[in-house]
Amino acid sequence: MPRVIHVFRQPDRFVAGTVGQPGERSFYLQATEQARKVSVLLEKQQVSVLSERIGTLLEEVSRRFGAEVPVSVPEDEVDTSPLEVPVEEEFRVGTMGLGWDAESRNVVVELLAVTEEEIDESVVLDDTDEGPDALRVFLSPAGARAFATRAERVVSAGRRLCPLCTQPLDAAGHICPRQNGFRRVTTPE
């Protein structure tokens, strides 16, 4: 069966978001354009890496191509709305690709589905019939910066971190390795 490539050349919205409570969240990227909507599932670390790499790519594009790239985006341009429901996963992301389309002057984000086989790099950002399903989104530099800003906020909005070991704190408690598992018990007086 040939692969399906979902292409969003002028998305109305491309955002990172979550479903679930901190500590049990599922991370999604969601692209919408008019009546079309595609949501893909990925790991928190993948969202973080994508956000970071977009920032790096924008700096490189500005330096090498002289493209006008905003250092930051105004607060009102960062999408803070929740994901559109229902959130139906098209696929789980395995490989991510990032590029610059000099013709349209857009950042291109490509997310490929997880597969059993090794992925050949030539499949990323290519329209061949062979390969995993993909989501390809074109973003203006300002749109890419707004996406990265929101993604960073989504990632950091999880559980508070332990001040000693920086591991996430659970509501049920936390055994801190810096305290060798010792937990101070307070007794009522």
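**Note on the predicted model: surface, core and charge pairs**

1. The protein chain has an accessible surface of about 11900 Å², and 47% of that surface belongs to carbon and sulfur atoms. Areas come from the Shrake-Rupley method with a 1.4 Å probe; for residues, only the protein chains shown count as cover.

2. A caution on sources. This is a predicted model, where local features need pLDDT of at least 70 and side-chain atom pairs count only at pLDDT 80 or more, while totals for chains, interfaces and linings use all residues. Residues are numbered from 1 along each chain as its sequence is written, and side-chain values use heavy atoms, with hydrogens and water left out.

3. Overall layout. The protein chain has two helices and seven strands. Their order from the N terminus is β-β-β-β-α-β-β-β-α. Helices (H or I, at least four residues) and strands (E, at least two) are DSSP runs, numbered from the N terminus. Along the principal axes, the C-alpha atoms fill a box of roughly 70 × 40 × 30 Å.

4. Of the 189 residues in the protein chain, 38% are buried. Buried means under 20% relative accessible area, exposed over 50%, and partly exposed in between (1.4 Å probe, protein chains only). Take the contacts (heavy atoms within 4.5 Å) with a separation of 6 or more: 61% of them join residues 24 or more positions apart.

5. The core. The largest nonpolar core holds 33 residues. Such a core is a set of buried Ala, Val, Leu, Ile, Met, Phe, Trp, Tyr and Cys residues joined through side-chain atoms within 4.5 Å. F14, L29, L111, L135 and F147 touch the most other members. At least two core residues come from each of β2 (13-19), β3 (26-33), β4 (36-42), α1 (44-65), β5 (89-101), β6 (106-113), β7 (134-139) and α2 (141-156).

6. L29 in detail. Leave aside its neighbours within four places in sequence. L29 then contacts F14, V15, A16, V38, S39, V40, L42, L50, L111 and F147.

7. Salt bridges. The count comes to eight. The rule is a side-chain nitrogen of Lys or Arg within 4 Å of a carboxyl oxygen of Asp or Glu. R36 pairs with E33 at 3.1 Å, N to O. R36 is partly exposed, at 33% relative accessible area. E33 is buried, at 17%. R13, D79 and R150 are linked in a network of salt bridges.

8. Pairs across the sequence. E43 and R92 form a salt bridge at 2.8 Å, N to O. E43 lies in the loop between β4 and α1 and R92 in strand β5, so this pair ties together parts 49 residues apart in sequence. Both count as partly exposed: E43 at 45% relative accessibility, R92 at 35%. R153 and E75 also form a salt bridge, at 2.7 Å, N to O. R153 is in helix α2 and E75 in the loop between α1 and β5, so that pair ties together parts 78 residues apart in sequence. R153 is partly exposed, at 35% relative accessibility.

9. One to check: R3. R3 sits in the segment before β1 (5-8). R3 is buried yet has no salt bridge. The nearest side chain of opposite charge is E110, 4.3 Å away. Here Lys and Arg count as positive and Asp and Glu as negative; His and the chain ends are not counted. What lies 2.8 Å from a polar atom of the R3 side chain? The backbone oxygen of P132 does.

Notes:
A polar contact is a pair of N or O atoms within 3.5 Å; within protein, one must be able to donate a hydrogen and the other to accept it, and residues adjacent in sequence count only if both atoms are side-chain atoms.
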